[in-house]
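Visitor: I would like to learn how to read a protein model, one feature after another. Please start with charged side chains.

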Amino acid sequence: MTFKQQLRTVLIFTKLSTKRFFRDKLALFFGVLFPLIFLFVFGSMSKGNTDTNFRVAIFNQSKETYAAEFNKELTSSKTFKVSKDAKNLADAKDKMAKSQLDGIIVLPEQFGAVNPDIKHPQGVVQVLYSQSNANTGQTLIAVLNGMVSQMNAHLLGAQPPLAVQPAPVNDHHLTAFDYTFAGLLGFSIIGIGIFGPINVFPELKKQGILRRLHTTPLKVWQYFTATMLSQALTGLVGIAAQFAVAIGVFKLQVVGNWFEIIIFTVLGIFMILGIGLAVGGWAKNERQAAPLANAVVFPMMFLSGTFFPRFLMPGWLQSLSDWLPLTPVIDGLRLLTTEGAHLVNLGHQLALIGGWTLLIYVIAFRVFRWE
């Protein structure tokens, strides 16, 4: 058989594998719809957290006019979500202990009374917060201090001699969802590259299809190549659906070059697919494939930055996660989509992907079994 004929065989099996994918409802669900479910969940969470607000209860114990105005200012602010359920201070403390409130703001009886010496209202705002949620309490106090400082400047008609000037550096106006999206793509690549082969290969062995293919001139590299091409095509369909939903529903902003993003995504699919080929090709049945796949998938899913950033991890764990196969894929996609990096800037990530691809496919070829 000439090399041209061998390539023709590869293309035929690629076509057959692709058709089988689109006819398999379960494969369509896990390859396309399941990642979209996660996209909607995390997209809604990111979209809902664009504005920082605090759940508070406000008790105005003063009868002064300025206290009523101050209370109105707090209630109308988007920073505070004022609870109307707390009947009294004791009830509010009970709700705060149950984490139903972030804090309690109290305006004492003399708050807003005019000081005859300075002829301006004065008073102290009391902020009650739980020690178990001290970080939120301190942030709430900082926000109120900022509001009070502005009011003091307005009342006294003078600006403080020292001030802080904010200068945001997010030139592209990206949101939290834009940075989260790369991790969701990584999760989708896991589903495409690993769960696809470990579901298909044991079933084909059980039906005796691979055994019959083994009696033909078909070689392992041809079968692997056809599977790789088929999974890349179907994977790009699923990822294209994610991009479409993310852009249409959650207003995703992509800074980088689309062609480079596609090339890098395909490289990531090829590498992760090797893990699925190794596990699915070695396992005789689903009982062998599923536990081994989970042992491989879960560390990558939780340590490679799929659902939360790696900088939140301890230093030693970050160093360990640097070497996981999925980490350079997610890091590279994040650099391409949010920072406008090019493939030439991803030398470290491409080197890791290349090294893992070589090692994984050597193992996959050695452990593959036709039955």
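This is a predicted model: local features need pLDDT of at least 70, side-chain atom pairs count only at pLDDT 80 or more; totals for chains, interfaces and linings use all residues.

Visitor: Which residues meet R310, and at what N to O distances?

Guide: The side chains of R310 and D322 meet at 2.7 Å, N to O. R310 lies in the loop between α10 and α11, and D322 in the loop between α11 and α12 (326-338), so this pair ties together parts that are 12 residues apart in sequence. The side chains of D331 and R310 form a salt bridge at 3.1 Å, N to O. Here D331 belongs to helix α12 while R310 is in the loop between α10 and α11, so the parts tied together are 21 residues apart in sequence.

Visitor: What does R55 pair with?

Guide: R55 forms a salt bridge with D102, and the closest N and O atoms are 3.1 Å apart. R55 is in strand β1 (residues 54-60) and D102 in the loop between α4 (89-97) and β3 (103-107), so the bridge ties together parts 47 residues apart in sequence. R55 is partly exposed at 35% relative accessibility, whereas D102 is buried at 10%.

Visitor: Now the aromatic rings. How many aromatic pairs are counted?

Guide: Two rings pair if their centres lie within 6.5 Å, and the angle between the planes then gives the type: over 60 degrees is edge-to-face, under 30 is stacked, and the rest are tilted. The count by this rule is 9 aromatic pairs. Take F181 and F243: the ring centres are 5.0 Å apart and the planes stand at 70 degrees, so the pair is edge-to-face. F181 is in helix α6 (residues 176-206) and F243 in helix α8 (residues 220-250), which puts the partners 62 residues apart and links distant parts of the chain. F181 is buried, with 1% relative accessibility, and F243 is buried with 7%.

Visitor: What type of pair do F224 and F365 form?

Guide: Their ring centres are 4.9 Å apart and their planes are at 50 degrees, so F224 and F365 make a tilted pair. F224 lies in helix α8 and F365 in helix α13 (residues 347-367), so the parts tied together are 141 residues apart in sequence. F224 is buried at 1% relative accessible area; F365 is partly exposed at 39%.

Visitor: Which residues do ring pairs link into a cluster?

Guide: The cluster consists of F40, F177, F181, F243, F250 and W258.

Visitor: Which nonpolar residues form a patch on the surface?

Guide: F298, F302, F308, F311 and L312 form the patch, and together they have about 540 Å² of accessible area. L312 sits in the loop between α10 (286-303) and α11 (315-321). With 58% relative accessibility, L312 counts as exposed.

Visitor: What is Q349 in contact with?

Guide: Neighbours within four places in sequence are left aside for this reading; Q349 is then in contact with F264, P328, D331, G332 and L335. Q349 is in helix α13 and counts as buried at 10% relative accessibility.

Visitor: Where is K251, and what is its phi?

Guide: K251 lies in the loop between α8 and α9 (258-282). Its phi is near 55 degrees, a positive value in a residue other than glycine. K251 counts as exposed, at 58% relative accessibility.

Visitor: Last, how is the protein divided into domains?

Guide: Domain 1 covers 3-47 + 172-367, and domain 2 covers 52-156. The centres of domain 1 and domain 2, taken over C-alpha atoms, are separated by 50 Å.

Notes:
Residues are numbered from 1 along each chain as its sequence is written. Side-chain values use heavy atoms; hydrogens and water are left out. Domain bounds come from an automatic or database domain assignment. Patches are made of residues with over 30% relative accessible area and no salt bridge: like charges are joined within 9 Å, nonpolar side chains (Val, Leu, Ile, Met, Phe, Trp, Tyr) within 5 Å. Accessible areas come from the Shrake-Rupley method with a 1.4 Å probe; for residues, only the protein chains shown count as cover. A salt bridge is a side-chain nitrogen of Lys or Arg within 4 Å of a carboxyl oxygen of Asp or Glu. Helices (H or I, at least four residues) and strands (E, at least two) are DSSP runs, numbered from the N terminus. Buried means under 20% relative accessible area, exposed over 50%, partly exposed in between (1.4 Å probe, protein chains only). Rings of Phe, Tyr and Trp (its six-membered ring) pair if their centres lie within 6.5 Å; planes under 30 degrees apart count as stacked, over 60 as edge-to-face and the rest as tilted. Contact means heavy atoms within 4.5 Å.
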